[in-house]
Structure formats: C-alpha cells, structure tokens
Amino acid sequence: MEEFREENMSEISTFEDLDVWKLGCQLAVDVCVATADSKDYALKDQMQRAAISIPSNIAEGAERDSTPDFIKFLRYSKGSCGELRTQLYIAERVRQKLSQPSLGGSREMISETRKISKMLQGLINSLRRRLNDSSTDH
C-alpha cells in the first residue's frame, strides 16, 4: 500500500503550494476532458461539479484564514472525492450495460480519488494536531 507524506505546512504559503490541491486540479481537468463528449448530461454535470469541487473547497478553506474553517472545507473536499468516485463507478457500469466503451481513464481517476482522499485525511489530521497542540500551550 502506498504511503502518502503529509504536507510540510512550514513550506506552504498558499493553497497553490499544496500537492493535494495540484492533484485535485489535474483530476478535475481529467474528468472534464473524459466526459466532454458524454451524452448523459445529468451524470456528466454531476461528475464535473464534484471533480471541480475538490480543489475549489481546498482553496476556499485555505483562504478563510481559520484552521477550523480550513478543516471544514477539507472535509467538504473529501466528501466530493467520494461522490466523484461513486459517480465514476456508476458511469462505468452504465456504459458496460449499454455495451459502450468505458470512460477513458476511469480506473486511473478512481485511483486518484482514493489517493487524494488519503492526502486530505492526512492534512486534516495534521491540522487537527496543530490546533490541539496550540490549545494546550496556553
């Protein structure tokens, strides 16, 4: 099983420095490209919205200038990651039942959602520890 290093928060000055945000943006681009020609407009729209929501919530939370708010938005991002993974599974099964070719890169995108989710949880855990450490310093 892959190990994911936690972001070194001392090297982070903006959300653009976060590896998880970069991966989230790339995943959003991959989903938008893979679904661009899809005629299943409802599923396509949901998938694109969930994918775009992943890095967007990371950015919004980081810009809130509050660790508890950042954690809350990282949780939203993690939720969108699970939502997208579910939608990718559904898209695969729908295409299979309709004897259509699978969505290009769906397996890789499913794998990326797992990786991003683990990274988000690591960042949440790290921020929680920092919050708890700072509250016990008083």
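Asp-69 comes out as partly exposed, at 22% relative accessibility (buried is under 20% relative accessible area, exposed over 50%, partly exposed in between, with a 1.4 Å probe and protein chains only). The model is a predicted one, so to speak for local features a pLDDT of at least 70 is needed, side-chain atom pairs count only at pLDDT 80 or more, and totals for chains, interfaces and linings use all residues. Residues are numbered from 1 along each chain as its sequence is written, and side-chain values use heavy atoms, with hydrogens and water left out.

Asp-69 pairs up with Lys-72 in a salt bridge, with 3.9 Å between the closest N and O atoms (the rule asks for a side-chain nitrogen of Lys or Arg within 4 Å of a carboxyl oxygen of Asp or Glu). The two sit three residues apart in helix 3, so about one helical turn separates them (helices are DSSP runs of H or I, at least four residues, numbered from the N terminus). Lys-72 is partly exposed too, at 33%.

The count comes to five salt bridges. Another of them joins Asp-45 to Arg-49, at 2.9 Å from N to O. These residues are four apart in helix 2, which puts about one helical turn between them. Asp-45 is partly exposed, with a relative accessible area of 33%, while Arg-49 counts as exposed at 55%. Glu-60 and Arg-64 also form a salt bridge, their closest N and O atoms lying 2.7 Å apart. Both ends are partly exposed: Glu-60 has 36% relative accessibility and Arg-64 has 40%.
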